[in-house]
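Please read the numbered points with the sequence and the model at hand.

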Amino acid sequence: MEVVIREIGSQVASRLRAHDKQAGGVYLSIGYSLSTPTEETGFAHSLKLSDSTVDSNLINEQLLYLFYTYWDGVSPVRRISVAATRLADRYGEQLDLFNPPKYDMVKLEDTVDAIRKRFGKGTIPCQVDTYKNENTVFLIRPNRGNIPPRFGHFF
């Protein structure tokens, strides 16, 4: 479940960056299968972020927090919906005296978005580092259908 939620969260953050918007909150909706032991249909919750952001890692952290807080750990998940709430124009990140600026991460995510736009969404998949479980790790894997032939000899 964690990988799927991170993939969807990264797609939402990418769409925000493409439309020059920032999210002030996240929304997660989980629908259970019909054969749930608790007879619940699922849950839907939103969470307000402290600062508006387009950072995939921050959005994914909050989505996973919502998921592990409200999921009972037993019910089979059938549907996952993710949305960004409290949208605002993208004007930059709020600076903090206690943490260094995240300019490099924003540039990296913009570059990854440009690569995905040019070569296809499967070019740089989002994967979870299961040993550290801290951040999203980008692994470059070739998607033969989307890579031009002149780059084929590198893979």
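1. A salt bridge links the side chains of Asp113 and Arg17, with an N to O distance of 2.5 Å. The term is used here for a side-chain nitrogen of Lys or Arg within 4 Å of a carboxyl oxygen of Asp or Glu. Because Asp113 belongs to helix H3 (residues 103-119) and Arg17 to helix H1, the pair ties together parts that are 96 residues apart in sequence. Both Asp113 and Arg17 are buried; buried stands for under 20% relative accessible area, exposed for over 50%, and partly exposed for what lies in between (1.4 Å probe, protein chains only).

2. The model is a predicted one, in which local features need pLDDT of at least 70 and side-chain atom pairs count only at pLDDT 80 or more, while totals for chains, interfaces and linings use all residues. Residues are numbered from 1 along each chain as its sequence is written, and side-chain values use heavy atoms, with hydrogens and water left out.

3. How many salt bridges does the structure hold? There are 5 salt bridges. One of them joins Asp89 and Lys21, whose closest N and O atoms are 2.9 Å apart. Asp89 is in strand S4 and Lys21 in strand S1, so this pair ties together parts that are 68 residues apart in sequence. Lys21 is partly exposed, since its relative accessibility is 29%. Helices (H or I, at least four residues) and strands (E, at least two) are DSSP runs, numbered from the N terminus.

4. A further salt bridge lies within a single helix. Glu2 and Arg6 meet through their side chains at 3.5 Å, N to O. Both residues are in helix H1, 4 residues apart, which is about one turn of the helix. Are Glu2 and Arg6 buried or exposed? Both of them are buried.

5. The nonpolar interior deserves attention next. In soluble globular proteins, nonpolar side chains tend to be buried together. Here the largest nonpolar core has 18 residues, and Leu16, Leu28, Ile30, Phe43, Ile59, Leu63 and Phe67 have the most contacts inside it. Helix H1 (2-18), strand S1 (21-32), helix H2 (56-70) and strand S3 (77-85) each supply at least two residues of this core. Such a core is a set of buried Ala, Val, Leu, Ile, Met, Phe, Trp, Tyr and Cys residues joined through side-chain atoms within 4.5 Å.

6. Which residues does Leu28 touch, leaving aside those up to four places away in sequence? The partners of Leu28 are Phe43, Ala44, His45, Leu63, Leu66, Phe67, Ile80, Ser81 and Val82. A contact requires heavy atoms within 4.5 Å. With the same exclusion of residues up to four places away in sequence, Leu47 touches Gly25, Val26, Gln62, Tyr65 and Leu66. Leu47 is part of strand S2 (residues 42-53) and is partly exposed because its relative accessibility is 22%. The C-alpha atoms of Leu47 and Val26 are 5.4 Å apart, although 21 residues separate the two along the chain.

7. Aromatic rings come next. A pair of aromatic rings is described by the distance of the centres and the angle of the planes. Rings of Phe, Tyr and Trp (its six-membered ring) pair if their centres lie within 6.5 Å; planes under 30 degrees apart count as stacked, over 60 as edge-to-face and the rest as tilted. The count comes to 4 aromatic pairs. Phe67 and Tyr68 are edge-to-face, at 5.2 Å centre to centre and 65° between the planes. Phe67 and Trp71 are stacked, at 4.9 Å and 20°. Phe67 has a relative accessible area of 0% and is therefore buried, whereas Tyr68, at 46%, is partly exposed; Trp71 is also partly exposed, at 23%. Tyr32, Phe43 and Tyr70 form one aromatic cluster.

8. Most residues other than glycine have a negative phi, and most peptide bonds are trans. Asp20, which is not a glycine, has a positive phi near 55°, and it is placed in the loop between H1 and S1. Arg86 likewise has a positive phi, of about 55°, and lies in the loop between S3 and strand S4 (88-89). Asp20 is partly exposed, with a relative accessible area of 47%, while Arg86 is exposed at 53%.
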